[in-house]
Amino acid sequence: MAERLVVIGGDAAGMSAASQARDRRGPDDLRIVAFEKGGHASYSACGIPYLVGGEVTDVKDLITRRPEVFRDELAIDLRLDSEVVEIDLGRRAVSVLDHQGGAPYWEPFDQLVVATGAVPSRPDLPGADAEGVYGVQTLDDGIALLRALEEKPRRAVVVGAGYIGLEMAEALIRRGLKVSLIDAAEQPMSTLDPDMGALVANALRDLGVEVFLGERLEGFAESGGRVTAALTENRTLPADLVVLGLGTRPNSALAEASGIPVGETSGIRTDRRMRTTVEGVWAAGDCVETFHLVSQRPVAIALGTHANKQGRAAGINIGGGYATFPGVIGTAVSKICEYEVARTGLTTAGAAEAGFETAEEIVESTTRAGYYPGARQIKIKMIADRRTGRLLGAQIVGQEGAAKRIDALAVAIWHEMTVEDMTGLDLSYAPPFAPVWDPVLIAARKAAKRVDQLNRED
């Protein structure tokens with residue numbers, strides 16, 4: 001009799017796990033059922049802002065594999081609009097609610113993958129449930145916002161200046177709306193140091209976004225059940241629609257209620273092979289707690305790159321192979337119109353919290369040789385351990401050609417290189433791609449000099 005694998009969650013982590021398990025075990029050996037509470041599976045959530053902004057013109061372009069591919073070619077029984085509402089570990093079964101109107105039922109499992117993703121933070125404030133207030137977490141959310149744009153709104157308020165908030169501000173600017181952005185922090189993007197975040201704030205203002213920082217949202221005005229304005233402690237901002245970009249948290253409530261342990265970040269605890277402490281139960285994706293390789297602390301970071309890798313590891317292990325997920329360093333990039341933002345490793349504050357004393361340097365340069373047409377500005381900040389010179393973190397704000405330089409810095413952090421080590425890196429050069437001294441090398445050289453100076457002062 002075939003073993004039964006149930007997967008809760010039909011996006012990156014869940015379907016990666018299901019596909020990898022199927023790749024190693026045939027349908028006669030392993031029966032796979034995957035439940036997705038929404039109407040779409042295996043899609044690029046990161047592409048939603050570009051769907052809303054119009055760069056992506058067809059919803060289907062964001063779907064990696066159609067449901068029939070999973071069902072017909074991979075023998076994975078993918079059930080959409082099917083929400084798992086309870087996990088019974090003693091019974092080894094999940095309770096499923098059919099959103100198409102079918103009767104609730106129990107599905108048994110021998111092995112279980114929990115890939116429930118993350119849930120967006122939604123403020124418990126007056127008017128937060130009014131019509132016209134949107135979260136952007138799933139493809140269904142993106143489609144709902146697209147439909148709202150068909151009504152030709154003129155004014156939008158984005159609440160939250162993290163990655164999603166900034167990308168949605170860009171999308172709405174591209175759609176011709178007047179956009180206001182609110183955040184309680186003094187600078188946008190808490191994953192950057194304040195001095196680099198200030199560059200992002202200025203870029204937003206250059207694009208025509210009204211930026212209100214250091215202002216706490218107090219609620220929403222509404223009329224006839226529809227939002228009409230966002231209210232801060234200092235002002236009233238008229239709005240035809242509101243987009244919430246207040247971040248996410250691991251969607252671990254279902255697992256925790258069943259007795260599957262969660263960690264201090266509220267993410268599900270797993271080992272490096274993505275096993276929970278419950279026999280035969282695995283977890284992957286935004287719902288899990290992972291490990292930061294620089295701070296040496298547990299973190300919960302919602303990124304599709306991590307979700308796919310974790311799901312792959314879980315599926316390989318379920319299929320009888322061996323795979324691990326070692327941890328993260330928090331590498332991420334974003335684009336706000338012509339501006340590019342990137343970061344990896346620890347911020348200055350994060351390094352201090354982890355017990356490091358730091359040396360920091362910021363350099364300004366260009367993305368190409370200064371004489372070559374199309375050269376754009378770039379600023380790189382490096383954060384190093386002041387004692388050893390080990391690179392702890394880096395941040396980039398610039399224009400075309402800036403952001404992907406973060407990958408070289410991420411590799412350096414991953415392999416615990418010092419900034420002195422980095423000064424000799426054999427990076428590529430040609431005028432259309434970089435100055436003769438790449439900005440990464442300039443920043444490393446200046447950071448190494450700063451480390452040496454501080455050590456001489458001791």
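A crossing counts as right-handed if the near helix is turned clockwise from the far one by less than a right angle, and left-handed if it is turned anticlockwise. Keep that in mind for the first stop, and remember that you're looking at a predicted model.

**Stop one: two helices.** Select residues 12-24, helix α1, together with residues 304-318, helix α8. Their axes come within 7 Å and cross at roughly 30°. Angles under 35 degrees count as roughly parallel, so α1 is roughly parallel to α8. Which hand does the crossing of α1 and α8 have? Look down through the pair: the crossing is right-handed.

Now show side chains. On the α1 side, pick Ala12, Ala13, Ser16, Ala17, Gln20, Ala21 and Arg24. They meet Ala307, Asn308, Gly311, Arg312, Ala314, Gly315, Ile316 and Ile318 of α8. Colour this contact by class and you'll get eight nonpolar, five polar and two charged residues.

Searching the whole structure turns up one cavity of 30 Å³ or more. The largest cavity holds about 40 Å³ of space. To find it, select Gly285, Val288, Thr290, Ile301, His306, Gln310 and Val328, which line it. That lining has three nonpolar and four polar residues, with no charged ones.

**Stop three: an open one.** Next comes the second largest pocket, with about 240 Å³ of space.

Definitions and conventions: Residues are numbered from 1 along each chain as its sequence is written. This is a predicted model: local features need pLDDT of at least 70, side-chain atom pairs count only at pLDDT 80 or more; totals for chains, interfaces and linings use all residues. Side-chain values use heavy atoms; hydrogens and water are left out. Axes are lines fitted to C-alpha atoms, for helices over the stretch in contact, and angles run from 0 to 180 degrees between N-to-C directions. Helices (H or I, at least four residues) and strands (E, at least two) are DSSP runs, numbered from the N terminus. Angles under 35 degrees count as roughly parallel, over 145 as roughly antiparallel, 65 to 115 as roughly perpendicular and the rest as oblique. Contact means heavy atoms within 4.5 Å. Ala, Val, Leu, Ile, Met, Phe, Trp, Tyr, Cys and Pro count as nonpolar, Asp, Glu, Lys and Arg as charged, and the others, Gly among them, as polar. On a 1 Å grid over the protein atoms alone, a cavity is a set of points where a 1.4 Å probe fits but cannot get out, and a pocket is an open set with protein on both sides within 12 Å along at least five of seven lines; lining residues have an atom within 4 Å of a point. Grid points are joined across faces, edges and corners, and a volume is the space filled by probe spheres set on the points.
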